[in-house]
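Could you walk me through this structure, one selection at a time? I have it open in my viewer and would like to know what to click on next and what is there.

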Amino acid sequence: MKEAIGLTPILQKQWDAEGAELLSALISIVGREYSRRELTVYTSVCGYGSRSSPLVVSIRSHMGRIKNMRSPISANIPLVLHEFTHKYLVESFDYSKSSILKEFSDSPALFKNHIHLMALIKASMVRAGKDGMIEPFVQSLKGRAYINAWKVGTSNKYYSRLIKEVKSLSGSNEKYWFFDPIENS
C-alpha cells in the first residue's frame, strides 16, 4: 500500500507536466470547452483496470511487487487522456447522429464507443507535439475492440471524418457508455 500511495504524486507531477497540453490540444481540436474546471482522478491497484466514470486509473502495472507487470508511470498519461476523453465526449458529442457509426452498425458496442475517441487521442498527441506517446499507447491496447478501434480511428479512410463528426455533431449522450450508441437511432 505504501508503494501505491507513493506512485500517485509521481503520476500527478507527470500529468501536470504533460497532461495539460494534451487536454488543451483535445479541446482545441473539438472546439468545445469541458464543463468542469477540475477533475478528480482516482488511482487503483485493483485488477479491474481503468474506467471513465468515476475516472479511475490503474497503477497496478507500476507496482514493483507485482511480477512481470512493471511499466513506466508515464504510460498512464495517455490512459488518463483516454478515460477523460470518454467523459468529454459524453457531454459534447451526439453519437446517435454519427454516419460513421451507422457504417459499423453490426460491430460490437465497445468498438463503436472507441473509434472517435482513438482518432481524437492521436490528433491530440500530434497537436501537443507528443508523437512519442503514440506507439507506446498503441502497444498498451488490449483486446480486439480497442485494437480495431485504433486501426479504424486512425486509418486514412476514417481519421479526418471522425474528427470532423465530433466537431460538427455537438450534443450530449449521457447514456452512451451503457448502451450501443446507435442501437435506437
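Start by selecting Asn148, which is partly exposed, with a relative accessible area of 30%. Here buried means under 20% relative accessible area, exposed over 50%, and partly exposed in between, with a 1.4 Å probe and protein chains only. This is a predicted model, in which local features need pLDDT of at least 70, side-chain atom pairs count only at pLDDT 80 or more, and totals for chains, interfaces and linings use all residues. Residues are numbered from 1 along each chain as its sequence is written, and side-chain values use heavy atoms, with hydrogens and water left out.

Asn148 belongs to helix H7, residues 144–153. Helices (H or I, at least four residues) and strands (E, at least two) are DSSP runs, numbered from the N terminus.

**Next stop: H5 against H7**

Show H5 and H7 together. They pack at an angle of about 60°, with their axes 8 Å apart. The axes are lines fitted to C-alpha atoms, for helices over the stretch in contact, and angles run from 0 to 180 degrees between N-to-C directions. H5 and H7 are therefore oblique to each other; angles under 35 degrees count as roughly parallel, over 145 as roughly antiparallel, 65 to 115 as roughly perpendicular and the rest as oblique.

To see the contact (heavy atoms within 4.5 Å), select Ile115, Met118, Ala119, Ile121 and Lys122 on H5, then Tyr146, Ala149, Trp150, Val152 and Gly153 on H7. By class, these residues divide into 8 nonpolar, 1 polar and 1 charged. Ala, Val, Leu, Ile, Met, Phe, Trp, Tyr, Cys and Pro count as nonpolar, Asp, Glu, Lys and Arg as charged, and the others, Gly among them, as polar.

**Along H5 to Ser124**

Stay on helix H5, residues 115–127, and pick Ser124. Is Ser124 buried or exposed? Ser124 is buried, with a relative accessible area of 0%. Leaving aside neighbours within four places in sequence, Ser124 is in contact with Leu22, Ala25, Leu26, Ile29 and Leu81.

**H2 on H5**

Now bring in helix H2, residues 76–92, which packs with H5 at an angle of about 125°, their axes 10 Å apart. H2 and H5 are therefore oblique to each other. Select Pro78, Leu81, His82, Thr85, His86 and Leu89 of H2 with Leu117, Met118, Leu120, Ile121, Ser124 and Met125 of H5 to display this contact. The contact has 8 nonpolar, 4 polar and no charged residues.

**The two sides of H8**

Move on to helix H8, residues 159–168, and colour its buried residues Tyr159, Leu162, Ile163, Glu165 and Val166. They lie on the same side of H8, because they cover an arc of only 155° around the axis, taken from the directions from the helix axis to the C-beta atoms. On the face turned away from this buried side you will find the exposed residues Ser160, Lys164 and Ser168.

**Zooming out**

Finally, show the whole protein, with its 8 helices and 3 strands. From the N terminus on, the elements run α-β-β-β-α-α-α-α-α-α-α. Of the 185 residues, 46% are buried.
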